[in-house]
Every structure is written in structure tokens, then in C-alpha cells.
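Good morning, and thank you for joining.

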Amino acid sequence: MPEVESGSVAVLGATGAVGRAVCRQLATLGSPGHAIVRRPTEAVEGFPARVVDFARAVDLTDALRVTRVICCLGTTQAKAGRDGLRAVDRDLVLHCAERASRAGAEVFTVVSAVGASRRSLSFYSRVKGEMENGLSRIRLDTVHIVRPSLLLGDRDETRPAEAVSQLIAPLINPVLPLRYRAISVDAVARALIQLSGPSTPGVWLHELPLGGRRSRRLDA
């Protein structure tokens, strides 16, 4: 079994908006580790990349043999349909968490969404809630679930509804409760990296921005 470099990190979902921001900041920090990608590339935003076939469990486990994992996996219903959204945002995240557990990763930090709940009337929020619930059943020392609201930042794909919301967000943000305020992908990335450091064991839920009573332990 390869020796794990202390403090090393693997980034899942590295080519999405949040994932790219995470990789960019990790590269600036000089953090050891790699982004896990499906298509050949040497680096994502200056952070080394490792190509992995997610269907090959052994290869995925080996790529996750790090101290900490930051998971930014996600898609949209418009792009992937209901089945595709469930397959990525719930099933693939849980599969990767299970592989990380087998690899001996100490901290698993994942992006969810504000309003996530297994009982939500919103399909998207319900899938995120099911993902969160599933993580609590996987043997990991520490899990950090981060729930941002609307993300502000450039995306590779066009999302008309989000584009309109991003234009409106600066106007309405000041009157919204903190948990519902739009937040930049860079701010989310900073929170993910911060939380992936040395942590108190357990399953933790965090609403952004970090601080105050917006973090709580779910398994206490």
C-alpha cells in the first residue's frame, strides 16, 4: 500500500466552478495532492491532475489514498435529467465517500446545498438530503457537509435562471438571512479547504458563511 503524504488532498469534481476554485487555491497554497479527473489533463488551475475511471473501484480507491478529500461533484437536472442528477449528486458522491473510507482518508468534505432535506418537495433538495443522510452511514473519521446558497461565479455551461439570479443577488443579498445569501465560488472553496484541515471527528453540517451558530454536529 503506498504511503500517504501528510496533509495530502484529492479533489473530486475538479472541473466544475467550485472544484476549479478549490484547485486554484490549493495550487497557490502549494498543497500536496491531486485533482481526480476523467479526461486526460496534467493539471486543473495549476493543481496536478490524475485521470481515473470512476467505474474501476480499485483505481478510484488508490487515487483517494490521501489525508483529506474535497468533493465538489454535481450536475443539474436540466443537463442530466432526474436520473442523472440522482446518479451524480447522490450515488457517485456516496460511492466516492465509500472508496475514501476504504483508502483511509481522514476527512471528507462535500458541497451540498441550502435547503437540503430528504423530505423536501424539491427534487434537487431531496437528492442532496439523501446524499447527506447516506454520508452519515459511511465509516469516515470526519465528514464536513457544506451548504451554500446561490453560487456566484463563471460556469462552463449556460444556466439562464442562475444568470438572472446572479444579476439580482447583489440587490437583495443585504436583506436576506445569511444562509440564503448568494456566495462566490471562491468563498465556498476557501471554506472547503479550511474545513478539510485538522478537525474534530464526527459528521458536521455547515451553512455559509462559516461562523456563529451556522455549524452543528449531526451525530452527537
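Helix 3 and helix 4 (residues 123–135) pack with their axes 9 Å apart, at an angle of about 10 degrees. Axes here are lines fitted to C-alpha atoms, for helices over the stretch in contact, and angles run from 0 to 180 degrees between N-to-C directions. The two helices are therefore roughly parallel to each other, since angles under 35 degrees count as such. Contact means heavy atoms within 4.5 Å; among the residues making it are Leu 85, Arg 86 and Val 93 of helix 3, and Tyr 124, Val 127 and Met 131 of helix 4.

A note on provenance: this is a predicted model, in which local features need pLDDT of at least 70, side-chain atom pairs count only at pLDDT 80 or more, and totals for chains, interfaces and linings use all residues. Residues are numbered from 1 along each chain as its sequence is written, and side-chain values use heavy atoms, with hydrogens and water left out.

Helices (H or I, at least four residues) and strands (E, at least two) are DSSP runs, numbered from the N terminus. Helix 3, residues 77–103, also lies across strands 1, 5 and 6, running at about 170 degrees to strand 6. Helix 1 (residues 17–29) runs at about 155 degrees to strand 1.

Turning to the sheet: what is its strand order? It is an open sheet of nine strands, ordered 3-4-2-1-5-6-7-10-11, with mixed pairing; two strands pair if DSSP finds at least two bridges between them. Strand 3 (43–44) and strand 11 (215–217) are the edges. Strand 3 pairs with strand 4 (residues 47–51) in the antiparallel sense over two bridges, and Val 44 has Phe 47 of strand 4 as its bridge partner.

How values were computed. Parallel < 35°, antiparallel > 145°, perpendicular 65-115°, else oblique.
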